[in-house]
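Subject: Structure for you to look at

Hello,

Here is the structure I said I would pass on. Please open it beside this message and follow along.

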Amino acid sequence: MKEQQEKDILEFGTSQMDEIQTLSIIGEIEGHDCLSENVKTTKYEHLLPMLAKIEQSDSVRGILLIMNTVGGDVSCGLALAEMIASISKPTVSLIIGDSHSIGVPLAVATDYSFIVPSATMMIHPVRMSGQVLGTPQTYNQFQQIQDRILDFIACHSRAKKSVLEELMMNTSMLSKDLGTVLVGKEAVSRGLVSEVGGIDRALKKLKHLIDDVR
C-alpha cells in the first residue's frame with residue numbers, strides 16, 4: 001500500500017491519507033497537445049479517470065485539491081473543473097502558489113476554497129496560439145469561450161459575472177496584457193475564494209464537511 005502511494009505521488013501528484021484523497025494541480029495544464037519534457041505539467045487525461053474512480057470509491061470520503069498552476073489548455077481545464085464540481089463527495093481546494101487563467105475555474109469548482117496570503121489568482125482574456133482568422137466569427141468564438149469560463153466561475157463562487165468581466169478586461173495592471181492579479185485576501189474580498197488559510201485549515205474544513213454527510 002505504501003509503495004503504491006509513493007508511486008502515485010511520483011507519477012500523478014496524488015495520495016490517499018485515511019479518508020481524504022489529495023490531488024495536485026501544478027505547472028501547466030496539458031491538454032490535447034503534448035508539452036515539452038522540460039515543462040512541469042498536470043495531465044488532464046490522468047486526472048479524469050482518477051476522479052471517476054474516487055467518485056465510486058467506498059474508502060475515499062473527500063478530496064483535497066492543492067493548486068499551484070499557471071493555467072494551460074482552456075478546454076481541458078474547464079472539463080476538469082466540471083468533473084470536480086460534479087463529484088458528490090466533499091471537496092476543498094487550497095491555492096498555495098498561483099491559480100492563473102483556467103486555474104481559476106478549477107479553484108472555485110470545489111465546495112470550499114482556501115488561498116494562502118502570498119498566493120495569487122490571475123483573470124485575463126482567452127489567449128489562442130497558432131493561425132487565427134481575423135473574422136467576426138473568430139471574435140464571436142472567443143467571446144463564447146470567455147462566457148463559458150465566466151459563467152462557470154460566477155456559478156461556483158460569490159463573484160458576479162459583471163465584476164469578473166471588469167477584472168478580465170482591466171488595462172491598468174498588466175504591462176503586456178489585459179487582466180487582473182489578486183493576491184491572497186483580495187481573492188476572498190472579490191468573492192472568488194472562501195477564505196484565507198493554509199493546509200491546516202483546509203484539512204479541518206474538509207473533515208468537517210465529511211462529518212456533515214456521514
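A nonpolar core is a set of buried Ala, Val, Leu, Ile, Met, Phe, Trp, Tyr and Cys residues joined through side-chain atoms within 4.5 Å. Buried, here, means under 20% relative accessible area. Please keep in mind that this is a predicted model.

With that term in hand, the largest nonpolar core has 55 residues. Those with the most contacts inside this core are L23, I95, L106, I115, M121, L192 and V193. In soluble globular proteins, nonpolar side chains tend to be buried together.

Of its 214 residues, 46% are buried. Taking contacts between residues at least 6 apart in sequence, 67% of them join residues at least 24 apart.

Next, some of the strands. Strand 2 (residues 20–30) runs parallel to strand 4 (residues 62–72), and ten bridges join the two. Here L23 stands opposite L65 of strand 4. Strand 4 also pairs with strand 5 (residues 91–100), again in the parallel sense, over six bridges.

Is E28 buried or partly exposed? E28 is partly exposed, because its relative accessible area is 29%, and buried would need a value under 20%. The C-alpha atom of E28 is 8.6 Å from that of K43, although the two residues are 15 residues apart along the chain.

Last, helix 2, which covers residues 44–56 and has 13 residues. From its first C-alpha to its last, helix 2 reaches 19 Å, close to the 18 Å expected at 1.5 Å a residue. Which residues of helix 2 are buried? They are Y44, L47, M50, L51 and I54. These residues lie on the same side of helix 2, because they cover an arc of only 120 degrees around the axis. K53 and Q56, on the other side of helix 2, are exposed.

Regards

How values were computed: Residues are numbered from 1 along each chain as its sequence is written. This is a predicted model: local features need pLDDT of at least 70, side-chain atom pairs count only at pLDDT 80 or more; totals for chains, interfaces and linings use all residues. Side-chain values use heavy atoms; hydrogens and water are left out. Buried means under 20% relative accessible area, exposed over 50%, partly exposed in between (1.4 Å probe, protein chains only). Helices (H or I, at least four residues) and strands (E, at least two) are DSSP runs, numbered from the N terminus. The expected span of a helix is 1.5 Å times one less than its number of residues. The arc is that of the directions from the helix axis to the C-beta atoms. Two strands pair if DSSP finds at least two bridges between them. Contact means heavy atoms within 4.5 Å.
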